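Look at the sequence and the 3D structure shown below. The briefing after them goes through selected parts by topic.

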Amino acid sequence: MSASSGSNGARQQVFVLVGGTGDLAMRMLWPSLAMLDQEGFLSDNLRIISVAREDCGTEVCVDRIGNAVTSRFGEWTTPEALSRFRKRIVHVALDAAHDDWGSKLKAELGDPDTLDIVFFLSVSPSLFKPICEHIEKAGLNKAPNRVIIEKPIGRDLATSKVINDSVAHAFAEDRTFRIDHYLGKETVQNLIALRFGNMVFEPLWNSQSIDHIQITIAETVGVADRLGYYDEYGAIRDMLQNHLLQLLCLLAMEPPSALTSDALRDEKVKVLRSLKAITAENVLTNTARGQYGPGFADGHPVAGYEAEKGSPSNTETFVAIKAEIANWRWAGTPIYMRTGKCLPSRTTEIVIQFKPLPHSIFGPEAQANRLLIRLQPEEDISLTLMNKAPGLTSEGVHLQPLDLSLSLIKAFDDSKDGKPPRRRIAYERLILDALNGNNAQFVRRDEVEAAWTWVDGIIKAWHDKDMKPQKYPAGTFGPVSAFSLIERDNGRMWND
Ligand code: NAD
């Protein structure tokens, strides 16, 4: 729990959603808030203010929000709960970049000294500076008020500092909540429980027992209507700098001394700072850049990235990296990370590949153990163990791999009245934490900067070596060079 925030006793809680009519708000944020309300997590006096440029009026805005909630969670909402939720919301049409927006918002909110405000800036980062300046000018930035911001936080270290500085002027670090929505996912949070709530893994969680780690975030879709944004960023900035590296931190960090936000984040930032630099000398053997060409993905023919853009592009839609963490626990353990668009399946998974037995009394049948942590399409954790194959054979004992499965969905099945279990949106957990002032699952500024420092080095090395993205047919797992990263070490990605 951060020292300065949290639900503040007598103060009235207000959630101000700037960009309340946008895509992210409608698909993720409003449904998350509605479900938190339905499940009794929102305080009775919480007011929600939607701010956007559109002057659609509260009634129309609330109707759109109601539709967004029912299209996502229709099966699980009740008319009573939805009606109570709708009554909390007021829509205010304001240009948040305009000089007088802070004073107008203040007039809507009332006396700031009686309020506990959480701002969620679901708008382009180019607006963070003017928005925070006006919040500050109107005196709405004082503790306990806090701000939630979304990626992208810059496109390199320098631009991330500009964004962070502009937010820091108005909000202290412990009241700045940087979202990486992967950190709100149930299975990602379970990584901490699995590693630090059990004795069995810790003695094996190091380079002596683990051969390598694989992390894949694969999307079947292309860039679609995000092309304008994506062409400026590419896969390394859009996915690897944040989501993939956050997963890596949780997997590789040392046990924190406590489950407090700073203890956790201190350990994560050490991992980022221990990543071995990738430079022009080793970039060709440690990274692969790809861009999807014509093919077939997500059930549709794909024309290819450049055809969709209508001009040549040097942006990668796929990146694979062989990383190494230079510390006592992990030195010598390769970590293969990859992410991309127009790949054959929509999966997010982590593979912890253990080393083979030092001496097998069963011959080559004995396969090395593997821990598979799957976040998409289903949340599941399974440990492959070797067992005796059942039955008699004249040659004696035969081995057979068996998966010990910890399916979170099956173990904690919350299906009711024959309805399937509801799959939470990651933002539910994160919004609830922000309302409660708990910033443990948010990214601290030094983490963002350490991640950019490492990623900037890779981008510079690509530039120095003139390493252009190689084409891969849409619907395949990236260019040939991506497979070589692990094949050179006599391995393969486990599901290829
Ligand atoms: P969007 O363009 O769909 O919506 C933007 C919203 O901001 C609209 O409500 C618009 O009215 C409002 N807005 C824009 N300028 C404004 C201003 N000057 N004053 C007040 N309101 C203003 O964008 P989006 O897709 O919802 O994305 C919002 C932010 O979240 C962006 O920074 C984006 O990069 C980030 N993000 C989006 C997604 C996603 O899935 N859409 C995912 C991750 C991050």
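The model is predicted.

**Helix H5**

- Helix H5 spans residues 128-137, and its buried residues are Phe128, Pro130, Ile131, Cys132, His134 and Ile135.
- An α-helix has 3.6 residues a turn, so residues three or four places apart point the same way.
- After H5 comes Gly139, which has a positive phi near 70°.

**Salt bridges**

- The whole structure holds 37 salt bridges.
- Glu39 and Arg422 form a salt bridge, with 2.9 Å between the closest N and O atoms. This pair links distant parts of the chain, 383 residues apart. Glu39 sits in the loop between helix H1 (23-38) and strand S2 (47-52), while Arg422 sits in the loop between helix H12 (408-411) and helix H13 (426-435).
- Is each partner of this pair buried or partly exposed? Glu39 has a relative accessible area of 33%, so Glu39 is partly exposed. Arg422 has a relative accessible area of 11%, so Arg422 is buried.
- Arg289 and Glu316 form a salt bridge whose closest N and O atoms are 2.7 Å apart. This pair also links distant parts of the chain, 27 residues apart: Arg289 belongs to strand S8 (residues 287-293), and Glu316 to the loop between helix H11 (305-309) and strand S11 (318-323). Both Arg289 and Glu316 are buried.
- Glu379 forms a salt bridge with Arg423, and the closest N and O atoms are 3.8 Å apart. Glu379 is in the loop between strand S14 (370-376) and strand S15 (380-388), and Arg423 is in the loop between H12 and H13, so the pair ties together parts that are 44 residues apart in sequence.
- Glu379 counts as buried because its relative accessibility is 11%. Arg423, with a relative accessible area of 35%, is partly exposed.
- A network of salt bridges links Asp262, Arg265, Asp266, Arg273, Arg444 and Asp446.

**Ser122, a residue in a loop**

- Ser122 lies in the loop between S4 and H5.
- Why does Ser122 count as buried? Its relative accessibility is 15%, and the cut-off for buried is under 20%.
- Apart from neighbours within four places in sequence, Ser122 is in contact with Leu17, Val18, Gly19, Leu24, Ala25 and Leu29.

- An unreviewed UniProt entry lists Arg53 and Lys151 under "binding site". Of this set, Lys151 is part of the lining of the largest cavity.
- Arg53 is located in the loop between S2 and helix H2 (57-73). Its relative accessible area is 71%, so Arg53 is exposed.
- Leaving out neighbours within four places in sequence, the contacts of Arg53 are Ala93, Leu94 and Asp95.
- Lys151 is located in the loop between S5 and H6. Its relative accessible area is 24%, so Lys151 is partly exposed.
- Not counting residues up to four places away in sequence, Lys151 touches Ile179, Asp238, Met239, Asn242 and His243. A polar atom of the Lys151 side chain lies 2.8 Å from the backbone oxygen of Asp238.

- Glu219 is in the loop between strand S7 (210-218) and helix H8 (227-252). Beyond neighbours within four places in sequence, Glu219 is in contact with Met239, Gly340, Lys341, Cys342, Leu343 and Ser345.
- What joins the side chains of Glu219 and Lys341? They are joined by a polar contact of 2.8 Å.
- Lys341 is in the loop between strand S12 (335-340) and strand S13 (347-354). Its relative accessible area is 4%, so Lys341 is buried.
- With residues up to four places away in sequence left out, Lys341 touches several residues, including Glu219, Val221, Tyr230, Tyr292, Thr317 and Tyr472.

Key. Residues numbered from 1 in each chain as written. Predicted model: local features only at pLDDT ≥ 70, side-chain atom pairs only at ≥ 80, totals over all residues. Heavy atoms only, no water. Buried < 20%, exposed > 50% of the residue type's maximum accessible area, 1.4 Å probe, protein only. Helix = DSSP H or I, 4+ residues; strand = E, 2+ residues; numbered from the N terminus. Salt bridge = Lys/Arg side-chain N within 4 Å of Asp/Glu carboxyl O. Contact = heavy atoms within 4.5 Å. UniProt positions renumbered as here; feature names shortened; annotations may be inferred. 1 Å grid on protein atoms, 1.4 Å probe; cavity = no way out; pocket = protein on both sides within 12 Å on 5 of 7 lines; lining within 4 Å. Polar contact = N/O pair within 3.5 Å; in protein donor to acceptor, adjacent residues only side chain to side chain.
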